[in-house]
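Me: Got a model open here and a few quick things to check. Can you walk through it with me?

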Amino acid sequence: MSLADPRLQGPAATETTMPTSTVTSPPSTTASNGNGARRRRYHAEGLEAGKRSTRTLLWILLAAAMIFYGFPFLYLLFTSFKTPIDTIAVPPTILPREWTLENYTNALGRSGVLASFINSAQTAIISTVLSLVLAVPAAYGITRYKTPSGRVFIMAALVTRMVPPVAIGIPLASMMSSVGLADTPIALSIAHTTISLPLSIWLMSSFFEAVPQDLEEAATVDGCSRLGALWRVVIPVVSGGIAVTAIFAFLASWNEFLFALLMTAVRSQTTPVVIANFQTQFGLDWGSMTALAAVYSIPVILLTLLLQRKIVAGMTLGAVKG
Amino acid sequence: MRISDRRFAVLLMAPAALFLAIFVAYPLFRLVADSFFKISPIAGGPRDFVGLDNYFRAFASEAFMGAGWRTLAYTLVVVTLEFALGLGMALLFTMLGRNSQIWRTVFLYPLMIAPIVAGLLWKFLMIDNFGLIGTLMHQAGLLANPNQIGWLSDPNIVLFSVAIPDIWLTTSFMCLVLFAGLQNIPGDLIEAARLDGARAPAMLFRIILPLLRPVIAVALVVRGIDAARAFDTILIQTNGGPQSASETMSLLIYRTMIRFGDPGLASAMGTMYLLAMLAVAFFAVSTIWRPGKDN
């Protein structure tokens, strides 16, 4: 128990009793204000709000924001459990009148839907591997040797991020078909890599930047070649960074739509295209559409919650640093 | 023989550089080349050099100029609202401190949702007749009838409605980046301002926002460029309609190519779109971002 423990402080104790939920922030010893009003204060640092009334208000605000923010997806989930007729009922209800899995069996039973999941996964995996294989050495070359060509290259990679996909999608699609790769997961994963590679190079450069140079120097003194030092010494150190980069590359491909629309027909169609097609091909089949959208989104939402630390690290590195 | 460090660095970068040259630079070159031709949409059809004719046609067409303005308006709406909401949430999380951590994680979830799914679910919320938003506003007494606002069918407001999923998807990103920036503001500075009697607005505009400027700049540039390229969410919600009122540049180029089968004109539009984006990107990167420089 620290000296700040309220029980050790006699009369002041009542003023500083902490609610049990705040075990993470140490109790403050702020004295009561002059007029004798009983106020509870948190040990507030910097911008953290101190007053209890302010905090309550902020929590209410946060709750409102979370409800507004979470509701659209919850509504999609609820709708996916409604009966097909109920999904377009006027006026709509939030909760299903009758819970059913009919939309799920309809959506997943439709021909091409399961195949599209396999295509999506296949495309995303190939694209992730390709991005990493290209980005890891490139980022290492840029950060470790700081040559003028490296600086030009990372600039060029960044500018690539600004290119609108619609501008390269069509020429890229005709290039792929002229080499016989039309409508294949390989062609689509190459297209997706044009999106994820610049981001991967950028992220990996930040991670390599954090590795002390002495590490490889020691390894080369011990008789390792430069490539050997990279592979055996540096790569294991940045494995966390590689995981972050892999998550981003995977998500970029998994959620991509425009290239998939331009470059796939039936054989290698990914799920986003199938979801969009429910709208035209089968009239307005909202029930199946919501079910399929839920099935497609839930794995990546769970992935986020599991790996949130890594994802936050990647996003803040990508934008805040530099 | 041992190769020099400089050459070793080039060798490490070569595969990625080659990839970007083949699959980004070359298609862009093809795009620019195609913009000078009149091309038949049928494979193997005729291809006639027409000089700058496609460019003149683009500038003469109301669709192109309209799409340009709409893209600009869309980008401004998305970025402004996202910034305001993201900053609000980041401040909220900061003021609540460590206890809010789990909610910060939950708040990230839209970032993982495919834009096509986001567009779909908002379309479902806003659609005429069985859209939930109109119904809820009607039940709350805000609207006389649930279909009073045609979110996706009224040409005057549709550009705003189609922006909502985009804002919903990426406010989390804005919040995350600004939150990280807020954590780097020294606590002493805030304490000192507080002791000097600074009130909340002064604290925000005189201290917090100026200190966050570099972070804000990066976040706005990144999101601005993404918003200007928006395609999925708009396509699934309105397909550019009604009466082209939500047709932004990406959609116009796509439709010119696929629907109207005019690859030459689409390439000319694409080239101008690309040049505009690159101009903004170069400006942003050289003045604000400065990658590769150590702080």
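Me: Which helix does P137(A) lie in?

Reply: Helix 5 of chain A, residues 113-145. Keep in mind that this is a predicted model.

Me: Is P137(A) buried or exposed?

Reply: Buried. P137(A) has 21 C-beta neighbours inside 10 Å, and the cut-off for buried is 20 or more.

Me: What is P137(A) in contact with, leaving aside neighbours within four places in sequence?

Reply: L12(B) and P15(B).

Me: And how far apart are the C-alpha atoms of P137(A) and F117(A)?

Reply: 31 Å, with the two residues 20 apart along the chain.

Me: New topic, cores. How many residues are in the largest nonpolar core?

Reply: 131. Residues with the most contacts inside it include I201(A), A293(A) and A16(B).

Me: Which helix gives the most to this core?

Reply: Helix 8 of chain A, residues 185-209, with 13 residues.

Me: What does I201(A) contact, beyond its neighbours within four places in sequence?

Reply: Among them are A135(A), I154(A) and A16(B).

Me: What about a second core?

Reply: That one is separate and has 30 residues, including I311(A) and F179(B).

Me: Now helix packing. At what angle do helix 2 and helix 14 of chain A cross?

Reply: Roughly 125°, and their axes come within 8 Å. The two helices are therefore oblique to each other. The crossing is left-handed.

Me: Which residues make the contact?

Reply: L76(A), L77(A), T79(A) and S80(A) from helix 2. Helix 14 brings T290(A), A291(A), A293(A) and A294(A).

Me: How many are nonpolar, polar and charged?

Reply: 5 nonpolar, 3 polar and no charged residues.

Notes:
Residues numbered from 1 in each chain as written. Chains lettered and ligands numbered in written order. Predicted model: local features only at pLDDT ≥ 70, side-chain atom pairs only at ≥ 80, totals over all residues. Axes fitted to C-alpha atoms, helices over the stretch in contact; angles between N-to-C directions. Helix = DSSP H or I, 4+ residues; strand = E, 2+ residues; numbered from the N terminus. Parallel < 35°, antiparallel > 145°, perpendicular 65-115°, else oblique. Left-handed = near helix turned anticlockwise from the far one by under 90°. Contact = placed C-beta atoms within 7 Å. Nonpolar A, V, L, I, M, F, W, Y, C, P; charged D, E, K, R; others polar. Buried ≥ 20, exposed ≤ 12 C-beta atoms within 10 Å, placed from the backbone. Core = buried A, V, L, I, M, F, W, Y, C linked by C-beta atoms within 7 Å.
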